[in-house]
Amino acid sequence: MLRHAAGELRSSVWALRTMPQAGRSFAESLDAIVEQLATGQEADLRLTVNGPPFDPPDFFAGNLLLVAQEAIRNALHHGRPTAVAIDVNFTSTPQQIEVAVQDDGHGFNPTNAAGPSQGHFGIHGMRERLTSLGGNLTIDSQSGHGTKVQASVAITALADDEDAA
């Protein structure tokens, strides 16, 4: 139990402190995250980018990248998949980004997922990040049938407020 808690704490601190963009475009940053998380994994990770890419403001990009990172990490850690597909869809009018992480792993029942009271902050943290962006998180999973985590956000007037700060 202590080892599990220490691992969760390390992952949480890493996610909070990681500067996911580091001077790269959103798509390049996500590619770097996928490459890093794929290291040492048996699962095949595949990133697909659809639509004309654009770079959202840092506040949006950073939070959306951290949500994607957490979804991929959860898929690899909990689902034990053979494949994880990461699909990014850019829509230019209005500007929207959707990131979907789908695995062929074990799946789970999202209504019974462990949460903060059990020491698990992944799903809760993803929801909080997307709420702060005015975005949406959906999780589709069934035990034995894999999981799809979908994060979507529209770049809004909030972006202007963040850039002015």
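How many aromatic pairs does the count come to? The count for this predicted model comes to three. The legends below start with the whole chain and then take up single sites.

**Figure 1. Overview of the predicted chain, with five helices and five strands.** Read from the N terminus, the elements follow the order α-α-β-α-β-β-α-β-β-α. The chain has 165 residues, of which 39% count as buried. Its accessible surface comes to about 9,300 Å², and carbon and sulfur atoms hold 51% of that area. Among contacts with a separation of 6 or more, 70% are between residues 24 or more positions apart.

**Figure 2. The open sheet, five strands in the order 1-2-3-5-4.** The pairing in this sheet is mixed. On average, and with direction ignored, neighbouring strands are turned by 10° against each other. Strands of a sheet pair through backbone hydrogen bonds, in either the parallel or the antiparallel sense. For strand 3 and strand 5 the sense is antiparallel, with eight bridges between them. Within this region, V101 has V149 of strand 5 opposite to it.

**Figure 3. Helix 2 and helix 3 against the strands.** Helix 2 lies across strand 1, strand 2 and strand 3, and its direction makes an angle of about 175° with strand 2. Helix 3 lies across strand 1, strand 2, strand 3 and strand 5. The angle between helix 3 and strand 3 is about 10°.

**Figure 4. The largest nonpolar core, made up of 34 residues.** The members that touch the most other members are F26, L45, L64, I72, I86, I97 and V99. At least two core residues come from each of helix 2 (26–38), helix 3 (58–79), strand 2 (83–91), strand 3 (96–103), helix 4 (122–133), strand 4 (136–141) and strand 5 (147–154). Helix 3 gives the largest share, 10 residues. In soluble globular proteins, nonpolar side chains tend to be buried together.

**Figure 5. Contacts of L64.** Which residues does L64 contact, leaving aside its neighbours within four places in sequence? They are F26, I97, V99, L130, L133, A151 and V153. L64 is itself one of the core residues that touch the most other members, and F26, I97 and V99 are also among these.

**Figure 6. The aromatic pair F54 and F90.** A pair of aromatic rings is described by the distance of the centres and the angle of the planes. For F54 and F90 the centres are 5.2 Å apart and the planes stand at 70°. Planes over 60 degrees apart count as edge-to-face, so the F54 and F90 pair is edge-to-face. F54 is in the loop between strand 1 (44–50) and helix 3, whereas F90 is in strand 2. The two residues are 36 residues apart, and their pair links distant parts of the chain. F54 and F90 are both buried.

**Figure 7. The aromatic pair F59 and F60.** This pair is also edge-to-face, with 6.2 Å from centre to centre and 90° between the planes. Is F59 buried or partly exposed? F59 has a relative accessibility of 26% and therefore counts as partly exposed. F60 has a relative accessible area of 1% and so is buried.

**Figure 8. The cis peptide bond between T93 and P94.** Omega of this bond is about -10°. T93 is in the loop between strand 2 and strand 3, and P94 lies in the loop between strand 2 and strand 3 as well. T93 is exposed, since its relative accessible area is 70%. The C-alpha atoms of T93 and A154 are 9.9 Å apart, while the two residues are 61 residues apart along the chain.

**Figure 9. R80, a residue other than glycine with a positive phi.** Most residues other than glycine have a negative phi, and most peptide bonds are trans. The phi of R80 is near 50°. R80 is located in the loop between helix 3 and strand 2. Its relative accessibility is 61%, so R80 counts as exposed.

Conventions. Residues are numbered from 1 along each chain as its sequence is written. This is a predicted model: local features need pLDDT of at least 70, side-chain atom pairs count only at pLDDT 80 or more; totals for chains, interfaces and linings use all residues. Side-chain values use heavy atoms; hydrogens and water are left out. Helices (H or I, at least four residues) and strands (E, at least two) are DSSP runs, numbered from the N terminus. Buried means under 20% relative accessible area, exposed over 50%, partly exposed in between (1.4 Å probe, protein chains only). Contact means heavy atoms within 4.5 Å. Accessible areas come from the Shrake-Rupley method with a 1.4 Å probe; for residues, only the protein chains shown count as cover. A nonpolar core is a set of buried Ala, Val, Leu, Ile, Met, Phe, Trp, Tyr and Cys residues joined through side-chain atoms within 4.5 Å. Rings of Phe, Tyr and Trp (its six-membered ring) pair if their centres lie within 6.5 Å; planes under 30 degrees apart count as stacked, over 60 as edge-to-face and the rest as tilted. Two strands pair if DSSP finds at least two bridges between them. Axes are lines fitted to C-alpha atoms, for helices over the stretch in contact, and angles run from 0 to 180 degrees between N-to-C directions.
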